[in-house]
Amino acid sequence: MYIQATKKLLDQLEIKGASPTREEEALFTWHANLITINRRKTVVLVNDASRYCLVLYGMKKKDWESWETLILSAIRKVLLDEGISEEVVERYIEQAGLVDTYKSKNRQTTAWVNKACDYVQLFEYDFDEHASLVQTEMSKKVSRYLVGLGTGTSDYFVPYEQMLKDLEAFAGGPIFKRQAVVVHIRMRLEHFQVWRRLLVPTDISFYSFHEILQIAFGWTNSHLHEFEIVSLKNENKSIALLVHDEEAFEYGYETPMFWDTEVRLTDYLPQFQVVYTYDYGDNWQHEVVVEDVLQDYDKPFAICLDGAGDRPPEDVGGEGGYDEFKKAMTDDSHPEHYSFKEWVSTQWGIEFDLDHVNRRLRYV
């Protein structure tokens, strides 16, 4: 495997800019640059064939010293996190061979990695400070943005999708074989029925599941969230809280707390029930119940199978506020009818649209 690095990265690695002695397939060649994010040394790698992106955040001395093995382990971790079968990933790592790092001499591919660095810097506030060196969520996020061919045409593609095509060609067949669950998610509302039925791979993190639920219900990810893991065999006892907010760890809950980026669905599903809470103010609770388990799911994304009911508007004031909102919206003589009507017109995603939801889920 070739890593073609910028001068800045070569200087950090203390490698002189030699040239490769042979040609290598683009699938096994990556361009790399060194940038600084939040005062931390960050390496951004872009695959030459697909422009798929890898992000290593917070590089330290020991990481530079194990550069060759670090690159291979990073590729392995991110591809497995994409749900690609372990067999295909190990075949890719084996065929890639040892990592050789050289000076970049291709202006176009250097421009590609610089563009990826722009995206990474754009999302500097989205970095997970508590995740490992290999930022899987950031790598996947950047790899799902449209990029141009750079040949003077107006053609664009998604690096993530191209990487899947390249790996399918490399493997000579399907690259996904995952466990998945059919889950029924119902909002805990006394007077309204709002629910979705989803088919979700279980090897994803709970944070990815959060993103899926946001899309499925049309929420705008404008508030904090948490997952409560409930033991049905032990009087509905809460056994874990999965959060995405550092302050949550300061409240001293008796229930053990974990970062939702570090826990996968397989750790708790299908044996436990999950309650997903979005917006601690309005306190929208969603009960997640497993209805079925599949062992050979061959898709890289979740699917919304069915659903009913439109979700309440953001910041409406919980179910009590939603009751008042519904009364005002159906009565044009209500003193707040027109103000509510104008207010809700600024919100999007309230009405449930199955096709729209599934189009968006393909990129989570």
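Reply: Strand β3 (residues 40–47) pairs with β4 in the antiparallel sense, over 5 bridges. Strands here are DSSP runs of E with at least two residues, helices are runs of H or I with at least four, and both are numbered from the N terminus. Two strands count as paired if DSSP finds at least two bridges between them. The model is predicted, so local features need pLDDT of at least 70 and side-chain atom pairs count only at pLDDT 80 or more, while totals for chains, interfaces and linings use all residues. Residues are numbered from 1 along each chain as its sequence is written, and side-chain values use heavy atoms, with hydrogens and water left out.

Within this pairing, Val46 stands opposite Cys53 in β4. The two strands belong to an open sheet of 5 strands, in the order β4-β3-β2-β1-β5, with mixed pairing. At its edges are β4 (53–57) and β5 (100–103), each of which pairs on one side only. From one strand to the next, the twist averages 30 degrees.

A helix also belongs in this picture. Helix α5 (residues 107–122) lies across β2 (29–37), β3 and β4, and runs at about 40 degrees to β2. Contact means heavy atoms within 4.5 Å. Axes are lines fitted to C-alpha atoms, for helices over the stretch in contact, and angles run from 0 to 180 degrees between N-to-C directions.

Next come the charges over rings. Lys115 lies over the face of Tyr119, at 5.6 Å from the ring centre. Elsewhere, Arg144 lies over the face of Tyr160, at 3.7 Å from the ring centre. The test is that NZ of Lys or CZ of Arg is within 6 Å of the ring centre and within 35 degrees of the ring normal.

The structure holds 23 aromatic pairs. One of them is Phe227 with Tyr276, a tilted pair at 4.9 Å centre to centre with 35 degrees between the planes. This pair links distant parts of the chain, since Phe227 is in strand β10 (residues 225–231) and Tyr276 in strand β13 (residues 273–278), 49 residues apart. Rings of Phe, Tyr and Trp (its six-membered ring) pair if their centres lie within 6.5 Å; planes under 30 degrees apart count as stacked, over 60 as edge-to-face and the rest as tilted. Both Phe227 and Tyr276 are buried, where buried means under 20% relative accessible area, exposed over 50% and partly exposed in between (1.4 Å probe, protein chains only).
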